[in-house]
Amino acid sequence: MMEPRPPAQAGDAHAEPPLLRAGGETREGGGPGSDAPVVVEVDDVHKQYHTSGHVVHALRGVSLSIRRGTFAAIMGASGSGKSTLLHLLGGLTPATRGRIVIEGHDLARMSDRQRTLFRRRRMGVIFQDYNLLSTLTAAENVALPHLVDGNAARRSAERVGELLALVHLSHRAEHRPDAMSGGEQQRVAIARALLNDPAIVLADEPTGNLDSTQSFEIWRLMQRVAHEQGKTIVMVTHEAAGAAFADRVIVIKDGVAVGELHPKGSGDAALVATGYQELAG
Ligand SMILES: Nc1ncnc2c1ncn2[C@@H]1O[C@H](COP(=O)(O)OP(=O)(O)O)[C@@H](O)[C@H]1O
Ligand SMILES: [Mg+2]
């Protein structure tokens, strides 16, 4: 079912990517700077979980590539394999088959130690429940990755100030999480994810606990971070309203990428909802 193709070249600007190929392979087609280098390569990736005597085939041959500065959304029903794909991109679990290449590095060819360092330095992660430390202020939470690395404390203060300004939270720098709204906490988490200037930011349902006003702030912020900071953002969501702020929406059904939508950051939720129904409904 998968259409074979030669391995994609990082920065291959001349390949004419169709919106969707046979077998559900999707390639970047919409985002800004479509000659930007490819940062994320997923090549015929399968993932099987073996649990108590039976096998769950969570991903069944997903191929896609995402360029620098693209805000990409992954949409699909519950159980379709979205979180699994994000875990694989983050190198948290290995693919059963296929290849995942981030910034030219094949994750499977790294040692555990190299993968941990790579994740820490080149990837930012955002969680549905923010994962802030409740005893630390907003500024301290943002600085946390530097404390873990141990050697960057002197650079931290200025960088943390810039990032809090970026997420419009300079006035909350000394607040602890319980004195902030959910949306503010998630903006702190986004600032923290950016501290080490990562290549990619992975977000699994980042607005799952937020009301719609706060959700829109997060989606617009992620769009701004992708386009203005040149970050590649991969956001898992089931909300058409959020996916519509992405440049590309990759639709997953039963472990297969069944197609792709290009709202191009328009925020046109109806367009995404209709397109999604056609692909996955
Ligand atoms: N650690 C795991 N062990 C066994 N099965 C899993 C595990 N994680 C996910 N699955 C299964 O894989 C499928 C895809 O799950 P997941 O990637 O979490 O989907 P989604 O995020 O789209 O809801 C589901 O059937 C789920 O039950
Ligand atoms: Mg999930």
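How are H3 and H5 oriented to each other? I started my notebook with that one, keeping in mind that this is a predicted model.

**Entry 1: H3 against H5**

I looked up the axes of helix H3 (residues 138-149) and H5, and they come within 7 Å and cross at roughly 30°. Angles under 35 degrees count as roughly parallel, so I put H3 and H5 down as roughly parallel to each other. The crossing of H3 past H5 is right-handed. Next I listed who touches whom. H3 brings Ala 138, Asn 141, Val 142, Leu 144 and Pro 145, while H5 brings Val 188, Ala 191 and Arg 192. Sorted by class, I get six nonpolar residues, one polar and one charged for this contact.

**Entry 2: H5 against H6**

I then turned to the pairing of H5 with H6. H5 spans residues 182-194 and H6 spans residues 212-229; their axes cross at roughly 20° and come within 9 Å. That angle makes H5 roughly parallel to H6. I noted the handedness too: H5 and H6 cross in a right-handed way. On the H5 side, the contact uses Gly 182, Gly 183, Gln 186, Arg 187, Ile 190 and Leu 194. On the H6 side, I wrote down Gln 214, Glu 217, Ile 218, Leu 221 and Val 225. The class count for this contact is five nonpolar, four polar and two charged.

**Entry 3: around ligand 1**

Which residues surround ligand 1? My list reads Tyr 49, Thr 51, Val 56, Ala 58, Gly 76, Ser 78, Gly 79, Ser 80, Gly 81, Lys 82, Ser 83 and Thr 84. I checked which elements they sit on. Strand E2 (38-51), strand E3 (54-67) and helix H1 (82-89) each give at least two residues to the shell. H1 has the largest share, with three residues. By class, the shell around ligand 1 holds eight polar residues, three nonpolar and one charged.

How many bridges join strand E10 to strand E11? I found five, between E10 (residues 248-253) and E11 (residues 256-261), and the two strands run antiparallel. I picked out one pair to look at: Ile 250 has Glu 260 in E11 as its bridge partner. E10 and E11 make a hairpin, with two residues between them. In that turn, I jotted down Asp 254, which has a positive phi of about 50°.

Notes:
Residues are numbered from 1 along each chain as its sequence is written. Chains are lettered from A and ligands numbered from 1 in the order in which they are written. This is a predicted model: local features need pLDDT of at least 70, side-chain atom pairs count only at pLDDT 80 or more; totals for chains, interfaces and linings use all residues. Axes are lines fitted to C-alpha atoms, for helices over the stretch in contact, and angles run from 0 to 180 degrees between N-to-C directions. Helices (H or I, at least four residues) and strands (E, at least two) are DSSP runs, numbered from the N terminus. Angles under 35 degrees count as roughly parallel, over 145 as roughly antiparallel, 65 to 115 as roughly perpendicular and the rest as oblique. A crossing is left-handed if the near helix is turned anticlockwise from the far one by less than a right angle, and right-handed if clockwise. Two residues are in contact if their C-beta atoms, placed from the backbone, lie within 7 Å. Ala, Val, Leu, Ile, Met, Phe, Trp, Tyr, Cys and Pro count as nonpolar, Asp, Glu, Lys and Arg as charged, and the others, Gly among them, as polar. A residue is near a molecule or strand if its C-beta atom, placed from the backbone, lies within 6 Å of it. Two strands pair if DSSP finds at least two bridges between them.
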